[in-house]
Amino acid sequence: MQIHRSGSVLLTGAVAVALAVTALPAAQAAPSATAVISEVYGGGGNSGATLTRDFVELANAGSAPFEVGGLSVQYLPGSPSAGSQWQVSELSGSIAPRGRYLVAQAAGTGGTVALPTADATGAIAMAAGSGTVALVSGTAPLTCKSAADCAADTRIVDLVGYGSAVVREGAPVTGASATASVARAASLADTDDNAADLAAGAPTPVNTKGETSGGGQEPEEPGPTEPGDVRIHDIQGTTRISPLDGKAVTGVPGVVTGVRAGGSRGFWIQDTAPDGDPRTGEGLFVYTGSSAPAVKVGDAVLVSGKVAEYYPGTGTQSLTQITAPRTTVLSAGNALPAPVVLDARSVPGRYVPSADGGSIDALTLDPSRYALDLYESLEGSRVRFADTRVTGATTAYDEIWVTVKPRENPTRRGGTLYASYEDQNTGRLKVMSLDPARPVPTANVGDVLKGGTTGVLDYASYGGYNVQATELGTLVDKKLRREVTRKQKKDELAVATYNVENLDAGDDQAKFDTLAEGVAVNLSSPDIVSLEEIQDDNGAVNDGTTGSEATLKRFTDAIVAQGGPRYAWRYIAPENNKDGGEPGGNIRNVFLFNPQRVSFTDRAGGDATTPVEAVKTWKGVRLSASPGRINPASPAWADSRKPLVGEFVFRGEPVFVIGNHFASKGGDQPLHGRYQEPTRSSETKRIQQAAEVNTFVTAVLKADRSAKVVALGDFNDFEFSPTMKTLTRGRALKPLITTLPPSERYSYVFDGNSQTLDHILTSPGVRRPDYDVVHINAEFADQASDHDPQVVRIRVGGFWH
């Protein structure tokens, strides 16, 4: 499963409160000589409190300004349950040397004194007495829920646990309450021991201007009255970084083209007198921070403030904006600049220039040659497209992906195929709505937004360039239907793979039922199903549970209820917290099989740490243990799912099945990022894993060259990747996805790209396989998993000797 925002799971259960916090290892970000968390207060608005809001204050212990754009403040309850998730507040701007930075959080109903003007605003309701706050490089939510796991997360810049917090540095600092914050000493020393570095006391929030609560508030400066010398195109410049970055500007004129009142608050302005240079943009975002924008679309304004480059995530490009603005409205109801039309003619076919893996920030834009250069030159400007096809279904965040190039690598069912690292599908754009009264419609891949869609071109960490729509086309439902594969014949063995997305016994029955329907109906009840992402029975509860019996009982019962057979199962429980995935979840691969059609050869000796071997006999080859694991002690599988190997018998002949779930793509640089070509750091581990599987399959074929081997699962990589080349080395295995027409080679949709992460591969002894990717999830807004299952039907027993 790729790491991206749509991969949410349902978590249940609770962490045992009886865990002694002093027995846990400390979470330690390296002691910081720059940014630290200087104060935390979760009692704002509580009964007895003076302040009306919670807050987190940051400080810069260094001698140079510290840029916080692209960083976030995150919060986790002191005793996190299985359902607890880190809550995120994004940051922008910078902290002066020895200066402070104030992040306002949720308000309560009590208190009488407001915070000073916050530098960033979140909506996190922090607990007064116990919790954990982290300063994080990036805006993706942390996943660690223990001190040890957080200590290993290099994204954490600083971390404070207070009260009885399970996650903290050293010992948690005590004394926080409705009337007391915990604050770092004036020296800002960071020894990685929260109890030593911070102490409880009266809350003293300070913002970047040095303002405090209940006084010290400077009178607001009046807005500009005359246009200054700087125009928007001067600010945007001819590269991705403003030539005026960090400088104050006065009286920048423009017309308001869009207003965003939630999330990252602010508004867009566009110059009505462009300079004629296609490289220099005429639109710009004005970031208002905690203040709701006091302007309307059509207002002619003058804006003064500071130019800043905001990096919304690690490795992303930046968004040029004006911060700490002072705005004067000159008039209302003005005509908006005409939008730039985006279509197959105007958007270049090449994606982005190369910097040999380095940053493209300083490269001069060439919008006639590269799509990302065109989009950068239009950052903050109005754009329009018409009759666009949906290539990524509506997400839980009310977003869809469309293509402005209807003929660019179309799939058979209406998506856009990701065919190689060199072919990036330049027509893809993500669409969101700025009108709360008209959100993005619920759409599936292949649907069409009929008519015009108009909005402001923006940039964000998830997906890159996107359109903040002020006008949406009308949805045309193209009636995409879920596929149903044919039933296997009597002499065909049907083997399937299905990533069921972190299934555990605590999930809703509706998830079990939908996944079960996929197996019983859409896959037509295969003889063997290799499952990925089966968790232990209590999911992410980190209490040492490793078994999955209750989960598999619920799942197989649900399959029977959907008209399927009574499946049996085999798996090897992992060592606790040794197979990666969600902390406490103990993810693993599992085989389901229909004992009325196929038998499993149980052979003792397989466990979480013992490697399975291919044993040559006078009859051919057998496994040393069944089920077994491939070389589980190899560094290739460290903190990752180990392949499950099983020996089955169908019509008197053995078939060897290998269920796989390779390492995810987490940590890879984004396709749209500032480093080009992007580094695929996660690929190294998958290549090592592929080599282990290839070595094992080669050993099986050395013992019996006619052995029937089916390797399948979520390999988390593409058919054209080095991972696949390593996996198939020596022609030990053949990837069946390559036997399909190109327009059908996908099982997953990410950022509007239809692509293949799941695979079925067969050994040369498997002749004439009948293979099908069964599209039931990835293209739909309503999905039980983000992966589509696959099935292969092979003839076994007397036909192909």
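Is Asp507 buried or exposed, and what is its relative accessible area? Exercise 1 takes this up. The model is predicted.

**Exercise 1. Classify Asp507, then examine its salt bridge with Lys511.**

Step 1. Read the accessibility of Asp507. Its relative accessible area is 2%, so Asp507 is buried.

Step 2. Turn to the partner. Lys511 has 17% relative accessibility. The cut-off for buried is under 20%. Lys511 therefore counts as buried.

Step 3. Check the contact. The N to O distance between the side chains of Lys511 and Asp507 is 3.8 Å. A salt bridge requires the nitrogen to be within 4 Å of the carboxyl oxygen. The pair qualifies as a salt bridge.

**Exercise 2. Describe the salt bridge between Arg629 and Asp579, and locate both residues.**

Step 1. Start with the distance. The side chains of Arg629 and Asp579 meet at 2.7 Å, N to O.

Step 2. Place the residues. Arg629 belongs to strand 33, residues 628–629. Asp579 sits in the loop between strand 28 (568–570) and strand 29 (588–593).

Step 3. Find the separation. The two are 50 residues apart, and the pair links distant parts of the chain.

Step 4. Arg629 and Asp579 are both buried.

**Exercise 3. Work out which elements the salt bridge of Asp387 and Lys450 connects, and classify both residues.**

Step 1. Take the geometry. The closest N and O atoms of Asp387 and Lys450 are 4.0 Å apart.

Step 2. Assign the elements. Asp387 is in strand 20 (residues 382–392), and Lys450 is in strand 23 (residues 448–460). They lie 63 residues apart, in distant parts of the chain.

Step 3. Classify Asp387. Its relative accessibility is 41%, so Asp387 is partly exposed.

Step 4. Classify Lys450. Its relative accessibility is 48%, so Lys450 is partly exposed too.

Step 5. Widen the view. The whole structure holds 33 salt bridges. Arg412, Arg413, Glu483, Glu744 and Glu779 are linked in a network of such bridges.

**Exercise 4. List the pairings of strand 20 with strands 18, 21 and 23.**

Step 1. Recall the rule. Strands of a sheet pair through backbone hydrogen bonds, in a parallel or an antiparallel sense.

Step 2. Take strand 18 (residues 340–341). It pairs with strand 20 in the parallel sense, over 2 bridges. Val340 has Val383 in strand 20 as its bridge partner.

Step 3. Take strand 23. Strands 20 and 23 run antiparallel and share 7 bridges.

Step 4. Take strand 21 (residues 400–403). Strands 20 and 21 are antiparallel, joined by 3 bridges. Gly392 has Trp401 in strand 21 as its bridge partner.

Step 5. Check the cover. Strand 20 is mostly covered, with 8 of its 11 residues buried.

**Exercise 5. Determine the handedness of the disulfide between Cys144 and Cys150.**

Step 1. Count. The search of the whole structure finds 1 disulfide.

Step 2. Identify it. Cys144 is joined to Cys150, with an S to S distance of 2.1 Å.

Step 3. The torsion about the S-S bond of Cys144 and Cys150 is about 95°, so the disulfide is right-handed.

Step 4. Check the surroundings. Cys144 is buried at 3% relative accessible area. Cys150 is buried at 3% as well.

**Exercise 6. Compare the radius of gyration of the chain with that of a compact globule.**

Step 1. For 801 residues, a compact globule would have a radius near 28 Å.

Step 2. Compare. The chain has 28 Å, which agrees.

Step 3. The C-alpha atoms fill roughly 90 × 65 × 45 Å along the principal axes.

Step 4. Buried residues make up 58% of the 801 residues. Of the contacts between residues at least 6 apart in sequence, 71% join residues at least 24 apart.

Step 5. Close with the elements. The chain has 8 helices and 43 strands.

Definitions and conventions:
Residues are numbered from 1 along each chain as its sequence is written. This is a predicted model: local features need pLDDT of at least 70, side-chain atom pairs count only at pLDDT 80 or more; totals for chains, interfaces and linings use all residues. Side-chain values use heavy atoms; hydrogens and water are left out. Helices (H or I, at least four residues) and strands (E, at least two) are DSSP runs, numbered from the N terminus. Buried means under 20% relative accessible area, exposed over 50%, partly exposed in between (1.4 Å probe, protein chains only). A disulfide is a pair of cysteine sulfur atoms within 2.5 Å. Two strands pair if DSSP finds at least two bridges between them. The radius of gyration is taken over C-alpha atoms; the globule rule is 2.2 Å times the number of residues to the power 0.38. Contact means heavy atoms within 4.5 Å.
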